[in-house]
Amino acid sequence: MNIKTEFTRPECERFREVCNFTDEERQVFDLRVQARSLVEIQQRLHMSESTVNRRIRNIKKKIYKVM
């Protein structure tokens with residue numbers, strides 16, 4: 001699953017409503033659907049690479065659950 005290219009705007013809105021993202025997951029999700037790179041997300045949110053990757057894994061798990 002590629003968060004930045006695979007979903008439509010209405011799908012992303014639905015995920016925001018039903019996935020119960022944490023604040024950090026929501027920030028990562030929002031930047032990812034804007035096609036921001038992992039490096040850009042790391043820099044913007046002041047997170048390590050491993051933290052961003054972990055947030056993305058958690059986001060994907062939550063999306064899979066509601067699909």
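Buried means under 20% relative accessible area, exposed over 50%, and partly exposed in between (1.4 Å probe, protein chains only). This is a predicted model, in which local features need pLDDT of at least 70, side-chain atom pairs count only at pLDDT 80 or more, and totals for chains, interfaces and linings use all residues. Residues are numbered from 1 along each chain as its sequence is written, and side-chain values use heavy atoms, with hydrogens and water left out.

Q: Is Cys12 buried or exposed?
A: The relative accessibility of Cys12 is 5%. Buried residues are those under 20%. Cys12 therefore counts as buried.

Q: How many disulfides does the structure hold?
A: A disulfide is a pair of cysteine sulfur atoms within 2.5 Å. The closest cysteine sulfur to that of Cys12 is in Cys19, 10 Å away, so it is too far for a bond. Cys19 is likewise in no disulfide. The number of disulfides is zero.

Q: Are H3 and H5 roughly parallel or roughly perpendicular?
A: Their axes, lines fitted to C-alpha atoms over the stretch in contact, are compared by angles from 0 to 180 degrees between N-to-C directions. H3 and H5 pack at about 85°, with axes 9 Å apart. Angles under 35 degrees count as roughly parallel, over 145 as roughly antiparallel, 65 to 115 as roughly perpendicular and the rest as oblique. H3 and H5 are therefore roughly perpendicular.

Q: Where does Ala35 lie, and is it buried or partly exposed?
A: Ala35 is not a glycine, yet has a positive phi of about 65°. Ala35 lies in the loop between H3 and H4. At 45% relative accessibility, Ala35 counts as partly exposed.

Q: Which loop holds His46?
A: His46, a residue other than glycine, has a positive phi near 55°. At 74% relative accessibility, His46 counts as exposed. Its loop is the one between H4 and H5.

Conventions:
Helices (H or I, at least four residues) and strands (E, at least two) are DSSP runs, numbered from the N terminus.
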